[in-house]
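This report is a first reading of one structure for someone new to it. Please look over the sequence and the model before reading on.

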Amino acid sequence: MEETMNKTAQPVIDSKIPEGPIAEKWTNYKAHQKLVNPANKRRLDIIVVGTGLAGASAAATLGEMGFNVLNFCIQDSPRRAHSIAAQGGINAAKNYQNDGDSVYRLFYDTVKGGDYRAREANVYRLAEVSNNIIDQCVAQGVPFAREYGGLLANRSFGGAQVSRTFYAKGQTGQQLLLGAYSSLNRQINAGKVKSYNRYEMHDVVIIDGRARGIIAKNLVTGKLERFAAHAVVIATGGYGNTYFLSTNAMACNCSAAMACYRKGAMFANPAYVQIHPTCIPVHGDKQSKLTLMSESLRNDGRIWVPKNIEDAKKLQAGEIKGSDIPEKERDYYLERRYPAFGNLVPRDVASRAAKERCDKGYGVNNTGLAVFLDFSEAINRLGIDVIRQRYGNLFDMYEEITDVNPGELANEIDGVKYYNPMMIYPAIHYTMGGIWVDYELQTSVKGLFAIGECNFSDHGANRLGASALMQGLADGYFVLPYTIQNYLSDQITVPRFSTDTPEFEAAEKAVQDNLDRLMSIQGKRSVDSIHKELGHIMWEYVGMGRTREGLETALQKLKELRKEFETNLFIPGTQEGMNNELDKAFRLRDFIAMGELIAYDALSRNESCGGHFREEYQTEEGEAKRDDENYFYVSCWKYNGSDETAPTQVKEPLHYEAIKVQTRNYKN
Amino acid sequence: MENSISFKLKVWRQKDAKSQGQFVTYDVNDIPTDTSFLEMLDILNEQLVEKGEEPIHFDHDCREGICGMCSLYINGHPHGPATGATTCQLYMRRFHDGDTITVEPWRSAAFPVIKDLMVNRNALDQIQQAGGYVSFNTGGAQDANAIPISKVAADEAMDSASCIGCGACVAACKNGSAMLFVSAKVSQFALLPQGKAEAKKRVKAMLSKMDELGFGNCTNTGACAAECPKNIKLSNIARLNREFICAKCAD
Ligand SMILES: Cc1cc2nc3c(=O)[nH]c(=O)nc-3n(C[C@H](O)[C@H](O)[C@H](O)COP(=O)(O)OP(=O)(O)OC[C@H]3O[C@@H](n4cnc5c(N)ncnc54)[C@H](O)[C@@H]3O)c2cc1C
Ligand code: SF4
Ligand code: FES
């Protein structure tokens, strides 16, 4: 192992992990880092792009500390960032349930869940600050669920044996974001944060090797504007919409991250994309997004397809319904394959198993791309009232969308009652990869930081449920506000910048040229039609099951798609005022580049781990086969000056001190 | 996909804040009834773009009923005819073949039109900035379980906190009042011990901001609660009034 490490290790990467035992690294860091005194903070400006959990919490906290913050978002209000849609909950190692939880256990579960591809030191710090997050949110007035005794309630989530998830109904992301938004509002009111809504960052401005500002488009006027600052923080979320259909909100995009990448920030592990097993299946080619059905349904729902291919064919033809198939003809394939975890295996395992059945022809809807999630057994055991109490709002949501009520009695065969099952299928949900950052959350460009889903840092190859909210808030409230000071401490003598520099001039011109070019193509195809095609390529060849051949095909097809985009795109209207089509086209150009990056990374990783499954690398039973000997590293990509040229791979070797690397086992 | 409908869509088109707007009617054909209302607009927009015309601009993001970005005044109702749902959660099976469907932006003095069906709702943010928070700095919190909060109060605060800030209540109100929106936030904090210390200051600051921004007065007609997609109750307004009177008495 040591030898491979040395071969792959390259001196360029310094992840700045502090010395000392894992449990003391963060304390040591804070004790020795440089700080900025209050009088100097007033002289320093920080741009924070994004108002999701990561961006809003960072902007608010930096404002409280005394920095001047400029905070941007695409939506009409910071409160509408995509984080608002998170349902299930947020993890913390409080051990309020006295079930044996601890910082170490949360750390261990996260590293294991991530299939041993995360950086140990970062994950430990995440687990360490998790408890502060809950304290912070309660103090803000976040109405978490409580027990009758008045104390906080917890639930359990996939991949953990303890109950450590805090929640606010099925709206945890909403309540956490509204908490951060309220702190942000306090700072806006105090004049410490200036909020720019309906603004989209198009580029980052680098002066003498340091990030010093951004070029942003005012989406209402259509005009480009320049903003300068001593440091720039990117908190712009994940790149799931590369696949067109995903559970992400419509405005989620990767353009800010791509702008940083093109300006020299490395992009890490793009191939690690999470596919969530319980989404409502695609219903037609006009669909705009996919709806997530909370993972919590897997606590009581049983996942199945028919045992007989004939039954599957009849289901696909609409001749019979799920409730017509009796118990003994059903194949509860997760319970069959993974007796120990059953329906509660981690997301990547559950998703692949569904795909495997559907690929074999056992899919249960008209497209053959769906499996059943059935509550009959739970309803017969506990009664419909109990089940509705637990999942009523989800049943209603499902019914509103599909017109089928999963709690409705549909059939009785041999004295057994069968209720309408839900249909589910995996969908793109979250991206573990992102802008490469060191321990300080600084990218490979000085003064440019990345936090939240847009960085790669904490989840390795797979993220556990309820850990993204934790990471976003950890980064924004408790990590970045410290680590950024280590950078800013020697910037206090740098006066405020004018935006009338040649660097700003050049950056704005490049952005304007890009927009002019997009407007001037005047071809025949709408942005969405090309984006859909991108989605098909990505899902087909760079989705749940990848092969060398498929990835090579994808790269070829993506090249052709870029050409189509550049020669046959049509955008109506002008650059004056609001032009949605132009804004979508701007994002699509970056999604295509992102698609290629994912494919390059997936092609280079000749192993299966977490969200990355290469069909060539599986066990005889169809389980993922990791290769720690050769792929125990973070895969980073450097831009080579043009979207057309392949990027260069740089490897950051991983070093584990606290945890022994093992094969994940959910069978027994 | 057995069922499809065709209908006329009468849509408000307006180039920008300064231009005059007008209704334009489009024939929309063969829309499967399992399409969402916003997907129907996507389909129409795709057809407009193919013809070289500008698509209809409307606000939307999550398409799951939680972000509060979508708006639309459909057939005389904010968020359309379905109750307890936002526009993005509205499906075409609610409409019939041959219908004429009228779509307008939120109409309120405080929400100027940006383009077509998009309006500027910054005023709602400004009300929150005036006092919709607990004043304390990151890092200074005590243990989360230090103060027990009754489940009843926590659940009730959660119901109030469910407001998505969409502004349908304002659009529904003949006075253009934002009272339901303000009362939801005031109530959330009034119900929790963390919000108590600043309760008096908060209610006064938020209400005076609301007045300043050109929202109308509340005359208790209740149209807001009837149209609110998140079922925010009128009792929140009653609580706000109590809080306000208390605050005034203390002056
Ligand atoms: C349906 C769903 C449910 C989920 N449920 C859970 C859950 O229960 N638990 C959990 O832990 N995680 C969950 N997740 C994941 C989690 O919600 C996200 O990972 C997390 O919220 C991301 O937060 P963020 O702050 O990094 O980015 P986001 O919330 O995505 O915010 C991005 C921000 O950047 C802005 N932005 C983007 N690009 C630009 C630009 N170019 N210029 C200016 N601004 C820009 C946007 O306007 C926005 O303000 C869920 C995700 C989905 C999709
Ligand atoms: S009170 Fe209801 S209608 Fe008004 S903003 Fe909140 S959710 Fe929308
Ligand atoms: S688009 Fe988010 S609530 Fe409708």
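The sections below cover the basis of the model, chain B, a ligand shell, aromatic rings, cavities and backbone angles.

## Basis

The model is predicted: local features need pLDDT of at least 70, side-chain atom pairs count only at pLDDT 80 or more, and totals for chains, interfaces and linings use all residues. Residues are numbered from 1 along each chain as its sequence is written, chains are lettered from A and ligands numbered from 1 in the order in which they are written, and side-chain values use heavy atoms, with hydrogens and water left out.

## Chain B

Chain B has nine helices and seven strands. Helices (H or I, at least four residues) and strands (E, at least two) are DSSP runs, numbered from the N terminus. Along the principal axes, the C-alpha atoms of chain B fill a box of roughly 60 × 40 × 35 Å.

Of the 251 residues in chain B, 60% are buried. Buried means under 20% relative accessible area, exposed over 50%, and partly exposed in between (1.4 Å probe, protein chains only).

## The shell around ligand 2

The residues around ligand 2 include B:Cys163, B:Cys166, B:Cys169 and B:Cys228. Also among them are B:Leu180, B:Phe181, B:Pro229 and B:Ile232. A residue is near a molecule if one of its heavy atoms lies within 4 Å of it. Helices α4 (168–172) and α5 (179–190) of chain B each give two or more residues to this shell.

By class, the shell holds 10 nonpolar, two polar and no charged residues. Here Ala, Val, Leu, Ile, Met, Phe, Trp, Tyr, Cys and Pro count as nonpolar, Asp, Glu, Lys and Arg as charged, and the others, Gly among them, as polar.

## Aromatic rings

Over all chains there are 29 aromatic pairs. Rings of Phe, Tyr and Trp (its six-membered ring) pair if their centres lie within 6.5 Å; planes under 30 degrees apart count as stacked, over 60 as edge-to-face and the rest as tilted. One edge-to-face pair is A:Tyr261 with A:Phe267, at 6.4 Å centre to centre and 85° between the planes. A:Tyr261 counts as buried because its relative accessibility is 6%, and A:Phe267 is buried at 1%.

A:Trp304 and A:Phe372 form a tilted pair, with 4.7 Å between centres and 40° between planes. The two residues are 68 apart in the chain: A:Trp304 is in strand β12 (residues 302–306) and A:Phe372 in strand β14 (residues 371–374) of chain A. Both A:Trp304 and A:Phe372 are buried.

A:Trp26, A:Tyr29, A:Tyr439 and A:Tyr482 form one aromatic cluster. A:Arg125 lies over the face of A:Tyr439, 4.1 Å from the ring centre. A charge sits over a ring if NZ of Lys or CZ of Arg is within 6 Å of the ring centre and within 35 degrees of the ring normal.

## Cavities

There are 17 cavities of 30 Å³ or more. On a 1 Å grid over the protein atoms alone, a cavity is a set of points where a 1.4 Å probe fits but cannot get out; lining residues have an atom within 4 Å of a point. Grid points are joined across faces, edges and corners, and a volume is the space filled by probe spheres set on the points.

The second largest cavity has a volume of about 140 Å³. Of its 14 lining residues, the closest to its centre are A:Gln287, A:Lys289, A:Thr291, B:Glu39 and B:Tyr91. The lining has six nonpolar, five polar and three charged residues.

## Backbone angles

Most residues other than glycine have a negative phi. A:Asn95, which is not a glycine, has a positive phi of about 55°. A:Asn95 lies in the loop between β3 (90–91) and α5 (103–113) of chain A, and is partly exposed at 27% relative accessible area.

Terms used. 1 Å grid on protein atoms, 1.4 Å probe; cavity = no way out; pocket = protein on both sides within 12 Å on 5 of 7 lines; lining within 4 Å.
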